[in-house]
Amino acid sequence: MSAARRKATPGARGGVWAGAVLVLVASACYADSDSTAATSPASPGADASVRGMITYRERIALSPDAVVTVQLRNTSYADADAALIAEQIISNPGQVPIDFDLRYVSDEIDQRSTYSIWAIITEGDGRMAFANDTAYDVITRGNPRRVDMTLVMVEPPPELTPEGWSPTDPERVEAPVHVTGAEMLWDDRTSTHSNGHLQVIFVTSHEDGCYRIGNNDVTRDGNRFDVTVTAFVPTPLPWAQDCSQLDLELDSIVRLGEIANGETIHVTVNDEHEYSFTSP
(Lines give C-alpha, C1' and ligand atoms only; values in the text may rest on other atoms or scores of the structure.)
Protein backbone atom coordinates (compact mmCIF):
# COMPACT_ATOMS: atom_id res chain seq x y z
CA MET A 1 0.00 0.00 0.00
CA SER A 2 1.41 3.42 -0.90
CA ALA A 3 1.20 6.40 1.38
CA ALA A 4 -0.93 9.46 0.82
CA ARG A 5 1.33 12.10 -0.67
CA ARG A 6 0.96 15.86 -0.69
CA LYS A 7 3.04 18.13 -2.87
CA ALA A 8 4.77 20.55 -0.52
CA THR A 9 3.83 24.01 -1.74
CA PRO A 10 3.73 27.46 -0.09
CA GLY A 11 0.77 27.84 2.22
CA ALA A 12 -1.11 24.94 3.77
CA ARG A 13 1.68 22.77 5.19
CA GLY A 14 4.38 23.99 2.78
CA GLY A 15 5.95 26.11 5.50
CA VAL A 16 6.03 23.07 7.74
CA TRP A 17 7.94 21.19 5.03
CA ALA A 18 10.57 23.92 4.77
CA GLY A 19 11.00 23.97 8.53
CA ALA A 20 11.24 20.21 8.68
CA VAL A 21 14.01 20.19 6.07
CA LEU A 22 15.98 22.76 8.04
CA VAL A 23 15.70 20.61 11.14
CA LEU A 24 16.71 17.56 9.13
CA VAL A 25 19.79 19.36 7.87
CA ALA A 26 20.79 20.30 11.38
CA SER A 27 20.33 16.79 12.69
CA ALA A 28 22.17 15.26 9.73
CA CYS A 29 25.17 17.49 10.38
CA TYR A 30 25.63 15.75 13.73
CA ALA A 31 25.54 12.26 12.18
CA ASP A 32 28.84 10.40 12.51
CA SER A 33 29.79 9.83 8.86
CA ASP A 34 32.70 7.62 9.91
CA SER A 35 30.45 5.25 11.81
CA THR A 36 30.20 1.70 10.60
CA ALA A 37 26.80 1.27 12.27
CA ALA A 38 24.01 0.77 9.76
CA THR A 39 21.43 2.74 11.70
CA SER A 40 20.84 4.75 14.85
CA PRO A 41 19.15 3.01 17.79
CA ALA A 42 15.38 3.26 18.20
CA SER A 43 13.80 5.61 20.73
CA PRO A 44 13.45 4.11 24.23
CA GLY A 45 10.06 2.44 24.58
CA ALA A 46 9.47 2.28 20.83
CA ASP A 47 6.78 -0.30 20.14
CA ALA A 48 5.71 0.47 16.56
CA SER A 49 7.34 1.42 13.29
CA VAL A 50 6.96 2.95 9.86
CA ARG A 51 8.85 1.03 7.20
CA GLY A 52 9.64 1.87 3.66
CA MET A 53 12.11 2.41 0.87
CA ILE A 54 13.95 5.51 -0.32
CA THR A 55 15.06 6.09 -3.88
CA TYR A 56 15.69 8.88 -6.41
CA ARG A 57 15.73 9.05 -10.20
CA GLU A 58 19.09 10.69 -10.89
CA ARG A 59 22.06 8.58 -11.96
CA ILE A 60 24.30 9.56 -9.06
CA ALA A 61 26.07 7.09 -6.78
CA LEU A 62 26.26 7.71 -3.06
CA SER A 63 29.63 7.76 -1.34
CA PRO A 64 30.48 5.60 1.70
CA ASP A 65 30.22 8.79 3.79
CA ALA A 66 26.60 9.45 2.86
CA VAL A 67 24.07 9.65 5.69
CA VAL A 68 20.31 9.16 5.40
CA THR A 69 18.13 10.90 7.99
CA VAL A 70 14.52 9.79 8.26
CA GLN A 71 12.10 11.55 10.59
CA LEU A 72 8.50 11.15 11.70
CA ARG A 73 6.92 14.54 12.43
CA ASN A 74 3.55 15.94 13.43
CA THR A 75 2.57 18.12 10.48
CA SER A 76 -0.94 19.03 11.64
CA TYR A 77 -0.42 22.79 11.88
CA ALA A 78 0.95 25.13 9.23
CA ASP A 79 1.76 27.87 11.73
CA ALA A 80 3.78 25.74 14.14
CA ASP A 81 6.96 23.70 14.07
CA ALA A 82 6.51 20.14 12.89
CA ALA A 83 7.20 18.37 16.17
CA LEU A 84 9.72 15.53 15.94
CA ILE A 85 8.27 12.16 16.98
CA ALA A 86 11.06 9.78 15.98
CA GLU A 87 14.24 9.68 13.95
CA GLN A 88 16.43 7.11 12.23
CA ILE A 89 19.93 7.88 10.98
CA ILE A 90 21.47 5.44 8.50
CA SER A 91 25.21 5.77 7.96
CA ASN A 92 26.92 4.36 4.85
CA PRO A 93 23.57 3.27 3.36
CA GLY A 94 24.98 1.90 0.13
CA GLN A 95 23.01 2.67 -3.02
CA VAL A 96 19.32 3.19 -3.61
CA PRO A 97 16.85 1.74 -3.01
CA ILE A 98 17.51 2.14 0.72
CA ASP A 99 15.26 0.42 3.25
CA PHE A 100 14.35 2.11 6.52
CA ASP A 101 12.54 0.99 9.68
CA LEU A 102 11.65 4.01 11.80
CA ARG A 103 10.61 2.99 15.31
CA TYR A 104 8.34 5.20 17.42
CA VAL A 105 6.32 5.16 20.64
CA SER A 106 2.67 4.56 19.80
CA ASP A 107 1.46 6.41 22.92
CA GLU A 108 2.89 9.61 21.42
CA ILE A 109 0.52 9.40 18.46
CA ASP A 110 -2.73 11.42 18.54
CA GLN A 111 -5.23 9.87 16.14
CA ARG A 112 -6.66 13.33 15.44
CA SER A 113 -3.32 14.63 14.13
CA THR A 114 -1.49 14.28 10.83
CA TYR A 115 1.96 12.69 10.72
CA SER A 116 4.43 12.64 7.87
CA ILE A 117 7.72 10.98 7.01
CA TRP A 118 10.60 13.16 5.81
CA ALA A 119 14.00 12.12 4.53
CA ILE A 120 17.21 13.69 3.31
CA ILE A 121 20.50 12.26 2.11
CA THR A 122 23.55 14.25 3.18
CA GLU A 123 26.89 13.59 1.53
CA GLY A 124 30.27 13.46 3.27
CA ASP A 125 31.20 16.93 1.95
CA GLY A 126 28.22 18.42 3.77
CA ARG A 127 25.93 18.73 0.75
CA MET A 128 22.25 18.07 1.15
CA ALA A 129 22.14 15.84 -1.92
CA PHE A 130 18.51 14.68 -1.91
CA ALA A 131 15.31 15.45 0.00
CA ASN A 132 11.60 14.82 -0.42
CA ASP A 133 9.48 17.69 -1.75
CA THR A 134 6.31 15.75 -1.05
CA ALA A 135 4.80 15.03 2.35
CA TYR A 136 4.25 11.31 2.85
CA ASP A 137 1.41 11.02 5.37
CA VAL A 138 1.39 7.96 7.61
CA ILE A 139 -0.26 6.17 10.54
CA THR A 140 -3.40 8.23 11.22
CA ARG A 141 -6.44 9.26 9.15
CA GLY A 142 -6.39 6.03 7.17
CA ASN A 143 -2.77 6.42 6.06
CA PRO A 144 -0.42 3.41 5.94
CA ARG A 145 2.64 2.47 7.94
CA ARG A 146 4.73 1.74 4.88
CA VAL A 147 5.93 4.40 2.44
CA ASP A 148 8.04 4.20 -0.68
CA MET A 149 9.65 7.61 -1.07
CA THR A 150 11.11 9.24 -4.17
CA LEU A 151 13.47 12.07 -3.27
CA VAL A 152 14.46 14.96 -5.52
CA MET A 153 17.97 16.23 -6.06
CA VAL A 154 18.90 19.33 -4.06
CA GLU A 155 22.56 19.74 -5.00
CA PRO A 156 24.57 17.56 -7.41
CA PRO A 157 28.19 16.49 -6.88
CA PRO A 158 30.49 19.38 -7.87
CA GLU A 159 32.51 17.12 -10.17
CA LEU A 160 29.40 16.43 -12.27
CA THR A 161 28.12 19.99 -12.40
CA PRO A 162 28.49 21.53 -15.89
CA GLU A 163 29.91 25.03 -16.14
CA GLY A 164 27.16 27.59 -15.88
CA TRP A 165 24.59 25.18 -14.43
CA SER A 166 22.33 26.61 -11.73
CA PRO A 167 19.85 24.91 -9.37
CA THR A 168 17.26 27.29 -10.82
CA ASP A 169 17.64 25.76 -14.28
CA PRO A 170 14.50 23.92 -15.44
CA GLU A 171 14.22 20.26 -14.54
CA ARG A 172 12.68 19.51 -17.94
CA VAL A 173 13.03 20.61 -21.53
CA GLU A 174 10.60 20.41 -24.41
CA ALA A 175 11.67 17.98 -27.13
CA PRO A 176 10.03 16.31 -30.17
CA VAL A 177 8.56 12.87 -29.48
CA HIS A 178 9.86 9.73 -31.20
CA VAL A 179 7.21 9.26 -33.91
CA THR A 180 6.56 5.73 -35.17
CA GLY A 181 3.43 6.27 -37.25
CA ALA A 182 0.36 8.37 -37.98
CA GLU A 183 -3.26 7.77 -38.96
CA MET A 184 -6.12 10.05 -39.99
CA LEU A 185 -9.42 10.13 -38.16
CA TRP A 186 -12.42 11.75 -39.86
CA ASP A 187 -15.64 13.10 -38.39
CA ASP A 188 -18.48 15.59 -39.08
CA ARG A 189 -18.58 14.63 -42.73
CA THR A 190 -20.81 16.73 -44.98
CA SER A 191 -21.43 16.70 -48.72
CA THR A 192 -18.35 18.85 -49.29
CA HIS A 193 -15.83 18.22 -46.52
CA SER A 194 -14.79 16.31 -43.38
CA ASN A 195 -12.95 17.35 -40.26
CA GLY A 196 -9.54 15.73 -40.10
CA HIS A 197 -7.70 14.71 -36.93
CA LEU A 198 -4.18 13.31 -37.11
CA GLN A 199 -3.40 10.53 -34.64
CA VAL A 200 0.36 10.68 -34.05
CA ILE A 201 1.78 7.46 -32.60
CA PHE A 202 5.04 7.71 -30.68
CA VAL A 203 7.17 5.81 -28.17
CA THR A 204 8.71 6.84 -24.88
CA SER A 205 10.16 5.23 -21.79
CA HIS A 206 7.76 3.62 -19.33
CA GLU A 207 9.92 4.83 -16.44
CA ASP A 208 8.09 7.20 -14.14
CA GLY A 209 9.35 10.73 -14.70
CA CYS A 210 10.58 10.21 -18.27
CA TYR A 211 7.56 11.69 -20.04
CA ARG A 212 5.14 14.53 -19.53
CA ILE A 213 2.63 15.76 -22.10
CA GLY A 214 4.05 18.54 -24.27
CA ASN A 215 2.50 20.73 -26.94
CA ASN A 216 0.94 20.15 -30.34
CA ASP A 217 1.16 22.66 -33.16
CA VAL A 218 -0.01 22.66 -36.78
CA THR A 219 0.50 25.03 -39.69
CA ARG A 220 -1.25 24.71 -43.06
CA ASP A 221 -0.29 25.81 -46.55
CA GLY A 222 -2.95 24.62 -48.97
CA ASN A 223 -3.00 20.84 -48.79
CA ARG A 224 0.29 20.64 -46.90
CA PHE A 225 0.49 20.47 -43.11
CA ASP A 226 3.43 20.78 -40.76
CA VAL A 227 2.69 19.14 -37.40
CA THR A 228 4.85 19.32 -34.29
CA VAL A 229 4.28 17.04 -31.28
CA THR A 230 6.52 17.47 -28.24
CA ALA A 231 7.01 16.13 -24.72
CA PHE A 232 8.65 17.52 -21.61
CA VAL A 233 11.58 15.28 -20.73
CA PRO A 234 14.43 15.39 -18.19
CA THR A 235 17.13 17.94 -18.96
CA PRO A 236 20.11 16.14 -20.57
CA LEU A 237 22.62 16.48 -17.73
CA PRO A 238 25.29 14.03 -16.53
CA TRP A 239 23.03 12.82 -13.74
CA ALA A 240 19.77 12.82 -15.73
CA GLN A 241 17.45 9.87 -15.46
CA ASP A 242 18.05 7.29 -18.19
CA CYS A 243 15.06 7.49 -20.52
CA SER A 244 16.69 5.84 -23.53
CA GLN A 245 14.63 2.63 -23.44
CA LEU A 246 11.60 3.45 -25.60
CA ASP A 247 9.16 0.73 -24.64
CA LEU A 248 5.84 2.54 -24.10
CA GLU A 249 3.59 3.41 -27.07
CA LEU A 250 1.36 6.47 -26.75
CA ASP A 251 -0.51 8.73 -29.12
CA SER A 252 -1.58 12.33 -29.50
CA ILE A 253 -4.50 13.73 -31.49
CA VAL A 254 -3.88 16.88 -33.55
CA ARG A 255 -6.82 18.64 -35.21
CA LEU A 256 -6.10 19.59 -38.83
CA GLY A 257 -9.48 21.16 -39.59
CA GLU A 258 -11.77 20.94 -42.62
CA ILE A 259 -10.55 18.88 -45.58
CA ALA A 260 -12.46 18.80 -48.87
CA ASN A 261 -13.94 15.41 -49.71
CA GLY A 262 -11.62 13.47 -52.00
CA GLU A 263 -8.70 15.84 -51.36
CA THR A 264 -5.24 14.36 -50.77
CA ILE A 265 -3.22 16.07 -48.08
CA HIS A 266 0.47 15.79 -47.25
CA VAL A 267 1.53 15.90 -43.62
CA THR A 268 5.02 16.32 -42.18
CA VAL A 269 5.43 15.43 -38.50
CA ASN A 270 8.34 16.84 -36.50
CA ASP A 271 10.17 17.80 -39.71
CA GLU A 272 11.12 14.21 -40.54
CA HIS A 273 8.10 11.95 -41.04
CA GLU A 274 5.94 12.43 -44.15
CA TYR A 275 2.47 10.98 -44.74
CA SER A 276 -0.27 11.37 -47.35
CA PHE A 277 -3.99 10.88 -46.73
CA THR A 278 -7.12 11.25 -48.84
CA SER A 279 -10.33 12.52 -47.34
CA PRO A 280 -13.29 10.12 -47.83
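## Close-up views of a predicted model

View 1. Arg-141 counts as exposed because its relative accessibility is 57%, where exposed stands for over 50% relative accessible area, buried for under 20% and partly exposed for what lies in between, with a 1.4 Å probe and protein chains only. The structure is a predicted model, in which local features need pLDDT of at least 70 and side-chain atom pairs count only at pLDDT 80 or more, while totals for chains, interfaces and linings use all residues. Residues are numbered from 1 along each chain as its sequence is written, and side-chain values use heavy atoms, with hydrogens and water left out. Arg-141 belongs to the loop between β8 and β9, the elements being DSSP runs numbered from the N terminus (helices are H or I with at least four residues, strands are E with at least two). Although Arg-141 is a residue other than glycine, its phi is positive, near 55°.

**View 2. Asp-188 and the strands β11 and β12.** Asp-188 sits in the loop between β11 and β12, and its phi is positive at about 50° although the residue is not a glycine. With a relative accessible area of 53%, Asp-188 is exposed. The strands β11 and β12 pair in the antiparallel sense over nine bridges, pairing being counted if DSSP finds at least two bridges between two strands. Asp-187 stands opposite Asn-195 in β12.

**View 3. An open sheet of three strands.** The order of the strands in this open sheet is β11-β12-β15, and their pairing is antiparallel. Since β11 (178-187) and β15 (248-260) stand at the edges with a single partner strand each, one side of each is left without a neighbour in the sheet. On average, neighbouring strands of this sheet are turned by 20° against each other, direction ignored; the axes are lines fitted to C-alpha atoms (for helices over the stretch in contact), and angles run from 0 to 180 degrees between N-to-C directions.

**View 4. The largest pocket.** The largest pocket holds about 1,000 Å³ of space. Of the 33 residues that line the largest pocket, Arg-57, Glu-58, Leu-151, Val-152 and Glu-171 are the closest to its centre. On a 1 Å grid over the protein atoms alone, a pocket is an open set of points with protein on both sides within 12 Å along at least five of seven lines, a cavity is a set where a 1.4 Å probe fits but cannot get out, and lining residues have an atom within 4 Å of a point. Grid points are joined across faces, edges and corners, and a volume is the space filled by probe spheres set on the points. β9 gives the largest share of this lining, four residues. The lining divides into 15 nonpolar, six polar and twelve charged residues (nonpolar: Ala, Val, Leu, Ile, Met, Phe, Trp, Tyr, Cys and Pro; charged: Asp, Glu, Lys and Arg; polar: the others, Gly among them).

**View 5. The largest cavity.** The structure holds one cavity of 30 Å³ or more, and the largest cavity has a volume of about 40 Å³. Among the residues that line the largest cavity are Ile-60, Leu-62, Glu-123, Arg-127, Phe-130 and Met-153. By class, this lining has eight nonpolar, no polar and three charged residues.

**View 6. A cis peptide bond.** The peptide bond from Val-96 to Pro-97 is cis, with omega near 0°. Pro-97 lies in the loop that runs between β4 (83-91) and β5 (98-104).
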